[in-house]
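Open the structure in your viewer and keep the sequence panel beside it. The stops below can be selected one after another.

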Amino acid sequence: MLGGAGILLGVAAVPAQAAEVSYKTECIPPAISGLPAVQGTTKVEITAPAEAKVGDEVTITWKFTQAASKNPDVLDLDANTVKPTGTLKAGGAQTADIAMEGPRTNPAIPKNSDMKLSDMTGRLKLTAAGDVTLTPDAYNINVSKPISTDTKCTPKEAVNPSATIKVTSGGGSGGTPTPTPTPTPTPTSTSPSGSATPSPSGSGTDGGADTGGSGGQTDFTGKEVSVPYACKTPIGDKNATSAVQINARKSGGSFDLTVQFKASVMDSPADIPADSVKPSMEVVLGGADKGTVHVEGPTNSAPIKSGDPIAIPDLKGTYKPGATGSSTLSPGVLTVMALGTTTTCTPTKSEVSLTLDTSEQASGASGGGSSGSGSGSAGTSSSGGLAETGSDSHGALKALGLVAGTVVLLGGAVFTFMPGRRTR
């Protein structure tokens with residue numbers, strides 16, 4: 001198709017041309033998503049001058065008439081958070097890779113609506129007479145909020161040239177080029193996406209839990225137990241197993257609890273910002289006592305670099321017994337708060353890690369309620385997600401990026417995308 005309004009620097013009297021081309025596209029989601037490559041269709045319109053002279057520097061525009069993506073029914077994308085970059089191939093009389101870049105000026109993109117990508121522009125200095133063809137190639141979609149993530153999209157078939165510039169000899173620029181910033185491709189970045197969450201592990205040791213007896217003993221070491229979890233994450237339900245151990249130290253009539261996740265089985269696939277994640281758990285009481293005890297860990301105090309192991313902080317809280325007798329403690333619901341999202345993992349099988357001889361304390365735990373440093377609410381949230389890539393016929397193809405930042409890595413996803421074997 002010919003027509004439209006292109007931009008020509010140095011030969012402004014020559015009409016511009018605009019032509020659309022469509023091609024099959026494969027998009028690779030951020031590594032932290034754990035999703036496979038997805039297929040879609042890209043339609044772009046390339047606008048360039050119809051004619052120019054050797055020595056001219058021309059501006060070329062890439063317009064997405066159909067992006068190979070849509071925003072699923074998970075999260076509204078804020079305005080000015082999506083930025084495209086790409087490569088346009090020059091061929092024929094002159095070969096070159098033209099860096100294309102668009103501004104981060106998208107409108108707000110509601111859930112379950114088409115992606116809106118800004119027009120990209122690039123510049124080419126003409127060096128040879130003849131026909132110069134312009135063909136779209138790979139492009140990248142960056143989402144900046146709440147943390148930066150990239151989706152890489154490449155053609156999966158031969159792409160036809162979208163426009164041709166007839167370049168004549170004659171030297172000179174034919175005019176004064178309008179100053180235009182030279183685009184610089186946005187470096188590929190991985191989202192940060194995450195932070196400390198319990199890592200999946202193998203089976204715990206067999207045998208009974210340690211028992212805290214009476215007398216002068218103050219420190220009690222629990223048994224490492226293998227806990228199967230059913231996790232509700234913003235991207236779906238996931239199952240995984242992790243090794244957990246509950247230890248206690250007697251303090252007067254109460255016990256200071258420490259819950260440990262025994263190993264990290266995952267290196268971080270992305271840079272994780274500091275103070276972005278806070279885990280907590282409800283320890284379940286049994287035997288003589290009833291209720292739960294809230295324990296929680298600190299947020300990550302320092303950023304975690306991509307490739308570094310993810311360490312799980314100890315979760316701490318205070319258990320004030322509400323009954324006299326032999327009371328058991330078992331890992332309960334795990335909750336991870338990350339950048340405004342909540343992921344919960346519920347044990348599908350309970351196993352006692354520690355047994356204590358307890359004496360009833362005023363306002364103790366028996367009968368329900370948590371006794372410790374916080375409330376144990378466990379809820380789920382869908383305030384994170386991935387944008388879909390592909391046409392409707394491809395179903396829910398998720399590839400735009402981790403717009404909810406760390407929710408895929410955090411919460412259930414450190415479980416979700418990990419091997420089931422624990423490394424020591």
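**The whole chain**

Start with everything shown as a cartoon. This is a predicted model. The protein chain has 1 helix and 26 strands. Colour its 424 residues by burial, and 49% of them count as buried. Among contacts with a separation of 6 or more, 74% join residues 24 or more positions apart.

**The cores**

Select I60, W62 and L134. These residues have the most contacts inside the largest nonpolar core, a group of 37 residues. At least two core residues come from each of β1 (16-28), β2 (38-49), β4 (57-66), β6 (82-92), β7 (96-101), β9 (120-125), β10 (130-143) and β12 (163-168). Strand β10 gives the largest share, 5 residues.

Stay on L134 and show what surrounds it. Beyond its neighbours within four places in sequence, L134 is in contact with I46, A48, I60, L88, K89, A90, I98, P161, S162, A163 and I165.

Now move to C231, A248, F255 and L285. They are among the 28 residues of a second, separate core.

Select residues 315-319, which form strand β20. Which residues make up its covered face? They are L315, G317 and Y319, while K316 and T318 lie on the uncovered face.

Next select S330, in strand β21 (residues 325-330). Is S330 buried or exposed? Its relative accessible area is 5%, so S330 is buried. Leaving out residues up to four places away in sequence, S330 touches I246, V283, V284, S350, E351, V352 and S353. One of these, S350, is 20 residues away along the chain, yet the two C-alpha atoms are separated by 6.6 Å. Show side chains as well: that of S330 reaches the backbone oxygen of E351 at 3.4 Å.

**A buried glutamate**

Select E282 in strand β18 (residues 277-287). E282 is buried but has no salt bridge. The nearest side chain of opposite charge belongs to K278, 11 Å away. What E282 does have is a side-chain polar contact with the side chain of H294, at 2.7 Å.

Go to P107, in the loop between β7 and β8 (113-114). With a relative accessible area of 46%, P107 is partly exposed. To S118, 11 residues away in sequence, the C-alpha distance from P107 is 9.4 Å.

The last two stops concern the backbone angle phi. Most residues other than glycine have a negative phi. Select N80, in the loop between β5 (70-71) and β6. N80 is not a glycine, but its phi is positive, about 60 degrees. N80 counts as partly exposed, at 43% relative accessibility.

Finish at D275, in the loop between β17 and β18. D275 has a positive phi too, near 55 degrees. Is D275 buried or exposed? Its relative accessible area is 55%, and the cut-off for exposed is over 50%, so D275 is exposed.

How values were computed
Residues numbered from 1 in each chain as written. Predicted model: local features only at pLDDT ≥ 70, side-chain atom pairs only at ≥ 80, totals over all residues. Heavy atoms only, no water. Core = buried A, V, L, I, M, F, W, Y, C linked by side-chain atoms within 4.5 Å. Buried < 20%, exposed > 50% of the residue type's maximum accessible area, 1.4 Å probe, protein only. Helix = DSSP H or I, 4+ residues; strand = E, 2+ residues; numbered from the N terminus. Contact = heavy atoms within 4.5 Å. Polar contact = N/O pair within 3.5 Å; in protein donor to acceptor, adjacent residues only side chain to side chain. Lys, Arg positive; Asp, Glu negative; His and termini not counted. Salt bridge = Lys/Arg side-chain N within 4 Å of Asp/Glu carboxyl O.
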